[in-house]
Amino acid sequence: MTTENSRITNVGADMTVEAWPSNEPVLKVRGLTKHFPVRRRFLGRGPKKVVHAVENVDLELYAGQVTAIIGESGSGKSTVARLLAQLYVPTSGEIALYGKPVHVKHGKAFRTYVGQVQLILQDPFGSFNPVHTIAYHLRRVLRIHNPSLGLKAIDDRMAEVLKEVNLAPANQFSEKYPHELSGGQRQRISIARALAANPSVLLADEPVSMLDVSIRLGILNLLEKLATERNLALLYITHDIASARYFATTATVMYAGELIEGGPAEAVTQQAGHPYTQLLIASAPDPDRDESVERIKDIGQPPSLIDPPAGCRFHPRCPFAMEKCHTEAPPKFDLGDGHWARCWLHESGAAATPMFPKEE
Ligand code: SF4
């Protein structure tokens, strides 16, 4: 049954969404691709080359839900976040916010979109100007996105968003400079700054990876609470598959610029259907595992994205690679209940992927 959220949101100059069905994605991405040209001085003479950073990505983000993109460094997951935040222009593909295709580069439509789709960066310190106070950063966002608000109303809103991220009383934090706060407090401020724009979508790019282990859980719990209370569609980008299992409703796995597995987070992280996802799980720290007997076999490095492998991009590292894996890219195979994987091992409908080999 279709239920509706009651959020009232202005999306673009020509659209007002008063009630958006909860079973429709707030942000929908189809065929998103980004190629970065490589400068000739790095390659010498010869044909122009590109880095195939993101290839043909489909993604859907729903109100009140957390969707994770999991992948190692250089897999393209942060580029996806920057494409969705309009920091990069896609090479091809379509992004639709509340069902409307987005083609904004500047002006009022751009400001409206970036107000709706806010990015939280990995390094909170690097995202603040060190010579300005926290109040300066928050008031600036509030003013840009609410030009009709007076000074008193802006300060009231600032206190509200600081309270939402558990930084109260506001004046204890607002007059400080970024370097006077702890890493966890700075990340809370960067979340407050995103909330100040009153977004519908939050893109959290490795939001806890630069924080002490002891405070990571608090930030993840805060993001989950905000997604629920504000009915936010939250994209959680991480290299840590264990945190995605704990935190996300839906998970997708990215390898060499492509999404290779996706579905309910529980299924993706507990019954991985793609050998690369198995490798990620086996490589994650697990206090219950006997490392002396379960060390995973070394299978080499990820491929160059300037000249990615033909067929399945994982085939040079995959112990199960077959002949067709070298030439034909696998399509999405349905594993049931919304779980899918791009791996030829599922072509015959086999129930499970063989287990990744361990060192002798
Ligand atoms: Fe391995 Fe082939 Fe599956 Fe790719 S498609 S993961 S190479 S078995």
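Student: Which residue takes a positive phi in the hairpin of E13 and E14?

Tutor: Ala 256 does, with phi near 50 degrees, and the hairpin has 2 residues between the strands. Helices (H or I, at least four residues) and strands (E, at least two) are DSSP runs numbered from the N terminus. This is a predicted model, in which local features need pLDDT of at least 70, side-chain atom pairs count only at pLDDT 80 or more, and totals for chains, interfaces and linings use all residues. Residues are numbered from 1 along each chain as its sequence is written, and side-chain values use heavy atoms, with hydrogens and water left out.

Student: How many bridges do E13 and E14 have, and in which sense do they pair?

Tutor: Strand E13 (residues 250-255) and E14 are antiparallel over 6 bridges; two strands pair if DSSP finds at least two bridges between them. Thr 250 stands opposite Pro 264 in E14, and Thr 252 has Gly 262 as its bridge partner in E14.

Student: What else pairs with E13?

Tutor: Strand E7 (residues 66-70) runs parallel to E13, joined by 4 bridges. Ala 68 is set opposite Ala 251 in E13.

Student: And which residue of E16 is the bridge partner of Glu 261?

Tutor: The partner is Ala 341. E14 and strand E16 (residues 339-341) are antiparallel, with 2 bridges.

Student: Are E13 residues mostly buried or exposed?

Tutor: E13 is largely enclosed by the rest of the structure, because 5 of its 6 residues are buried. Buried means under 20% relative accessible area, exposed over 50%, and partly exposed in between, using a 1.4 Å probe and protein chains only. Strand E14 (residues 258-264) is mostly covered, with 5 of its 7 residues buried.

Student: Changing topic: what is the strand order in the open sheet of 4 strands?

Tutor: The order is E6-E5-E8-E9, with antiparallel pairing. Strand E6 (50-61) and strand E9 (100-101) are the edge strands, each pairing on one side only. Strand E5 (residues 27-37) is joined to E6 by 8 bridges, and Val 29 has Leu 59 as its bridge partner in E6.

Student: Where does the ligand sit, and which residues are closest?

Tutor: The space that the ligand takes is the largest cavity. On a 1 Å grid over the protein atoms alone, a cavity is a set of points where a 1.4 Å probe fits but cannot get out, whereas a pocket is an open set with protein on both sides within 12 Å along at least five of seven lines; lining residues have an atom within 4 Å of a point. A molecule sits in one of these if more than half of its atoms lie within 2 Å of its grid points. The ligand is surrounded by 13 residues, the closest being Cys 312, Cys 318, Cys 325, Cys 343 and Trp 344; near means that a heavy atom of the residue lies within 4 Å.

Student: What classes make up that shell around the ligand?

Tutor: The shell has 11 nonpolar, 2 polar and no charged residues. Ala, Val, Leu, Ile, Met, Phe, Trp, Tyr, Cys and Pro count as nonpolar, Asp, Glu, Lys and Arg as charged, and the others, Gly among them, as polar.

Student: Why does Ala 284 count as buried?

Tutor: Ala 284 counts as buried because its relative accessibility is 13%. Ala 284 lies in the loop between helix H11 (275-283) and strand E15 (333-336). Ala 284 and Ile 241 are 43 residues apart in sequence, yet 7.2 Å apart in space, C-alpha to C-alpha.
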